[in-house]
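Please look at the structure below before reading on.

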Amino acid sequence: MGTSTGKRGLLRNIVVRFFLFSLLVFGIRFAYVIVIHGESCDIGDEFCFFSSSNFFENQKLVTTAGVGHASSSSVILHPAAASTPEFQKRVMFYITVFQDLIVDGFLFTKSKALCVETPIGDDVYALKEIGVDDAVGIYKKAAKPLVINGLGFRQPFQDNTFDFIFSGAGGLDRSEKAAEFAEEVQRTLKPEGYFIVHTASKDTYSFNSFIGLFNCCKFIRSRHIDGFDSDMPEIHEIVMQKVNDMKIMRKSDQNSNNKCSVPGYKQDLVKRAEPLIPKEPLKPWLTLKRNIQNVKYLPSMVDITFKQRYIYIDVGSRSYGSSIASWFKKQYPKQNKTFEIYAIEADKHFHDQYKSKKGVTLLPYAAWVKNESLTFEINQTPGDENVEKGRGMGRIQPVESGGGIVGSIDEIQGFDFAEWLKNTVTEKDFVVMKMDIEGTEFDLIPRLIETGAICLIDEVFLECHYNRWQKCCPGVRSPKYQKTYGQCLDLFKSLRQRGVLVHQWW
């Protein structure tokens with residue numbers, strides 16, 4: 001009897017376990033069908049579980065108890081995303097952000113909204129959860145169904161489409177085409193519409209660079225808010241409003257008198273620069289060269305992300321390896337930006353080597369104060385016996401007899417460097433200039449100041465030429481230049497007093 005009962009119990013256990021296992025298999029299979037094939041009726045499959053028109057009306061947003069804000073059109077999360085605590089945390093963060101914007105009158109439940117560069121659409125979920133039903137996101141690799149294919153700098157929408165555009169942290173910050181990104185926002189945003197951006201940048205330089213990208217928008221406000229993770233503990237939120245379709249005339253555009261004033265935030269950066277060398281060095285060929293190690297580069301102090309172009313101008317570049325390859329490409333901190341390079345060199349001896357250099361534009365002329373023909377002296381001083389003809393330093397000035405100068409003279413074309421600069425770059429660009437022009441800086445720098453072109457340059461590396469002590473001959477000064485070290489120091493001081501970040505070059 002006991003044996004019979006035991007057999008029946010064993011059989012019953014086997015049947016129950018088989019039944020439970022079958023249910024488990026069926027459940028897994030059903031979940032697979034829902035997730036993979038039931039995403040949307042628009043994907044082209046015969047089977048669909050939710051239609052795209054009511055996809056977000058079937059399940060409420062998964063939120064922490066007591067914190068969620070249910071809306072009339074509840075949101076369903078993508079199953080994979082909904083199960084991620086990090087995703088839910090980000091959604092709750094954006095809900096708080098957007099509710100604040102509603103209270104402040106920048107966002108409305110009837111707004112047509114766009115979230116730019118949103119990989120998984122967490123910000124779009126948050127908008128729909130608080131009742132902004134007409135919201136969509138774009139990303140280069142779309143995460144259906146809330147995010148469609150698109151790029152921040154190439155949006156698949158008509159002009160004046162959205163009332164509200166949002167770019168979360170890491171969107172505009174990481175864009176390699178910030179200027180085109182800004183142009184697209186201005187194109188697709190309706191007049192009177194709002195653009196809100198979250199950025200990790202905190203310095204005033206990057207803030208003003210950002211504002212400068214938006215010609216048709218006015219700055220409304222900025223604030224710092226707590227971030228949602230340790231990677232970004234604080235976020236800078238900026239609010240802009242599109243005024244109309246006409247460009248706003250900024251102070252930088254009002255250049256009728258060719259004057260410019262360097263803004264205060266740039267003047268503050270000058271105060272952080274390395275000190276000038278106060279006393280004339282006895283061995284300038286060593287002291288000035290070593291001083292480059294003390295230089296506080298502008299990109300090491302500020303974020304240069306929000307610029308239209310990145311440009312390096314080498315005035316008096318000589319050979320490609322002289323400073324472009326040996327210093328700028330190797331040592332200058334570029335923050336992973338690609339720079340356009342202009343090499344300005346009048347000495348024809350160096351011209352051929354630039355023909356094969358990609359990304360470098362050679363201007364085979366002399367930077368000067370106006371367009372005219374000049375005499376260009378290739379010279380060498382006593383002691384430079386091994387310098388080949390054509391490799392000495394060139395000067396743009398009349399040749400004087402005597403003084404121990406040995407040289408040859410070429411006729412070259414000079415061009416108005418200040419006017420060229422104003423026609424080539426804008427204040428939206430990040431411009432670095434190195435100038436080594438054998439004494440002509442005393443003519444060219446005043447011209448840049450007079451025309452206002454100096455305000456277009458963010459950072460200057462200037463070699464000032466004076467009657468320095470010669471390496472070859474102790475106790476003997478160079479006869480090539482008449483200026484003194486004191487006059488050079490005055491030139492540097494005058495530039496810094498004007499708010500120009502200038503460094504002593506060797």
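Which side chain meets Arg477 in a salt bridge? The partner is Glu280, at 2.8 Å from N to O. A salt bridge here is a side-chain nitrogen of Lys or Arg within 4 Å of a carboxyl oxygen of Asp or Glu.

This is a predicted model, in which local features need pLDDT of at least 70, side-chain atom pairs count only at pLDDT 80 or more, and totals for chains, interfaces and linings use all residues. Residues are numbered from 1 along each chain as its sequence is written, and side-chain values use heavy atoms, with hydrogens and water left out.

**Salt bridges**

- The structure holds 19 salt bridges.
- Arg477 is partly exposed, at 30% relative accessible area, and Glu280 is partly exposed at 27% (buried means under 20%, exposed over 50%, partly exposed in between, with a 1.4 Å probe and protein chains only).
- Arg187 and Asp159 form another salt bridge, their closest N and O atoms being 2.8 Å apart.
- Glu237 pairs with Arg221, with the closest N and O atoms 3.3 Å apart.
- Glu237 is buried, with a relative accessible area of 0%.
- A network of salt bridges links Asp100, Asp104, Arg221, Arg223 and Glu237.

**Helix packing**

- Helix α11 (residues 441-451) packs against helix α12 (residues 485-497) at about 15 degrees, with axes 12 Å apart. Helices are DSSP runs of H or I with at least four residues, and strands are runs of E with at least two, numbered from the N terminus. Axes are lines fitted to C-alpha atoms, for helices over the stretch in contact, and angles run from 0 to 180 degrees between N-to-C directions.
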